[in-house]
Amino acid sequence: MNALQMVIADGMTITRRNALKIKRTPDQLGAVIILPIVFVLLFAYVFGSMIDIPGMSYQEYMIPGIFVQSVIMGAQITGYTLALDLRKGIFDRFRTLPMSPSAVLIGQTTSDVLMNVTGVVVMTLVGLGIGWRIHSAPHEAVLGFVALLLFAYAFSWVTAAVALALRTPEVFNNVATIVSLPLVFLSNAYVDSARLPGPLKALAEWNPVSTIIQAERELFGNTIPGKSVPGAWPLQHAVAASLLWSVLILVVFVPLATRLYKRSVSR
Amino acid sequence: MPPAIVAEGLVKKYGDVVALDGMDLSVPAGTVFGLLGPNGSGKTTTVRILTTLLKPDAGRATVAGFDVVADAHRLRSRIGASGQYAAVDDHLTGAENLEMVGRLYHLGTRRSKERARELLERFDLTTAADRPVKGYSGGMRRRLDLAGALVAGPPVLFLDEPTTGLDPRARAALWDVIAELVAGGTTLLLTTQYMEEADRLAHRIAVVDHGRVIALGTADELKDQVGGDRIELTMASPADLETARRALAPLAVGDLRTDTTAMRVTVPVTNGAASLTTALTGLAAEHVTVRDAGLRRPTLDDVFLTLTGREATEKIKEHSR
């Protein structure tokens, strides 16, 4: 068995293990389904009644933002689960086996894609229910979902690295909340970033979360026809920039998380 | 045949705490080697280095001919390891846990399933095989973890305190399994805090303290070194205790110990039964009333006290995890 075959085989074994765990802990899956529903309804009706986006309905504007917010929150399951496994000592078993060292993280992030797909399907249905529509061509819409799931997958590796560095599930949860809230809210998810004051505007426009949200809006056709998007370079080239972000995150965080995995179990 | 396990001058530090301070070991293939010592003496750290979980700060070690650092990956397919804390997945069933381990040893799906069933039967877990491990008792989890170490039938096996927390029946069953394995040619390195366990299973025993070997030999050699058997006599009064201490001193081969609270004298002797008779005859002549008399084998505490001059249980800083 060569190295690549081993990564794939072992990655599948760990994915199967995690899928069984998801099946046996329905509460986790429940959170993945219920949280996006709460987000959609809460933001659509609370913010929607206060915030006006000239030229389009607020529901159309914010659903892509909810999509991205939900996958960022969902990706934290990866980190949390890893921190729990680290505490329980199962990684010691894995580390004495002749398996691929990256398989544990590949299996974990892959099974979390399944969770994200579930979450995205639920949000799409709820979104359609409250008046959100896809106005783009089918291939663009498909690319929209693919780009969203790719970003979710990349972000899972970020949370994996953070969790393996922090080591305890409780500390990870606190840090994840403190970091992810500004990341989501200091963006164009719920407000038009062009209307934010000076430094906030710059931060929001260069925030990768804004880029991926803008890409989603363009790919689902949730933009005002004929109106160009003001703002920084990533917002002008949102689709390309968001794919670039996802690839860049993977290039940095896959090796980093793998290194931390090897080190964190070596105590 | 070269030794299955060799360690030369292993050193491991955690900050200022020296966990291993020049650990040397050599275990011939097909034998059982016992590492005997209290918590924090470096037993677990040694096992973690030999099973590639930790890298040593200095020194070198090979297992089945493979270097633990440079050849870690190839080494892992030749070993099985079971730690102090059961490394099993709570949400998976017993069978699923073992099948997963089989797949990760690359045995293939069919063989992994077969092997899982064989081991579940061997460890008396057949009825619980398809229940999630979450509902298992502590003893069942330990057995499952041990079964996990045996999935690939490895030539070299590491068991870190394998029977800690097991009931006597499970302990006896495990000892039988281990004896069977070794009869089949498996090399075993076992750590334990119990002299009895090392005595029963190990061909050779290394007593470890402060991260190094302080005594090495067969169980009988070690016991002779600490004075063979122990006579324990409980007296009726403090005056009798004092008389007994004086009367028995000539019999002792090492330090005679008295416990004034329990009014007990412990005498290390070489020839247990004969010495006990001599002692009782001698005390009767002195008109001392003996409440209780007994003969026992040395414990780890006795070995420790003799070798280091302090009790094993009054421990050394805890740094094993």
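These legends walk through a few close-up views of a predicted model. Residues count from 1 along each chain as its sequence is written, and chains are lettered from A in the order in which they are written. Local features need pLDDT of at least 70 and side-chain atom pairs count only at pLDDT 80 or more, while totals for chains, interfaces and linings use all residues; side-chain values use heavy atoms, leaving out hydrogens and water.

View 1. Residues 29-51 of chain A are 83% helix and 0% strand, with end C-alpha atoms 32 Å apart. For residues 141-164 of chain A, it's 100% helix, and the ends sit 35 Å apart. (Helices are DSSP runs of H or I, at least four residues; strands are runs of E, at least two.)

**View 2. Inside the largest nonpolar core.** A nonpolar core is a set of buried Ala, Val, Leu, Ile, Met, Phe, Trp, Tyr and Cys residues joined through side-chain atoms within 4.5 Å, and buried means under 20% relative accessible area with a 1.4 Å probe, protein chains only. This one has 109 residues, with M62(A) and F123(B) among those with the most contacts inside it.

View 3. Strands β1 (residues 5-14) and β2 (residues 17-27) of chain B pair antiparallel over eight bridges; pairing takes at least two DSSP bridges. V11(B) has D21(B) as its bridge partner in β2(B). In the turn, G15(B) has a positive phi of about 60 degrees.

Methods
Buried < 20%, exposed > 50% of the residue type's maximum accessible area, 1.4 Å probe, protein only.
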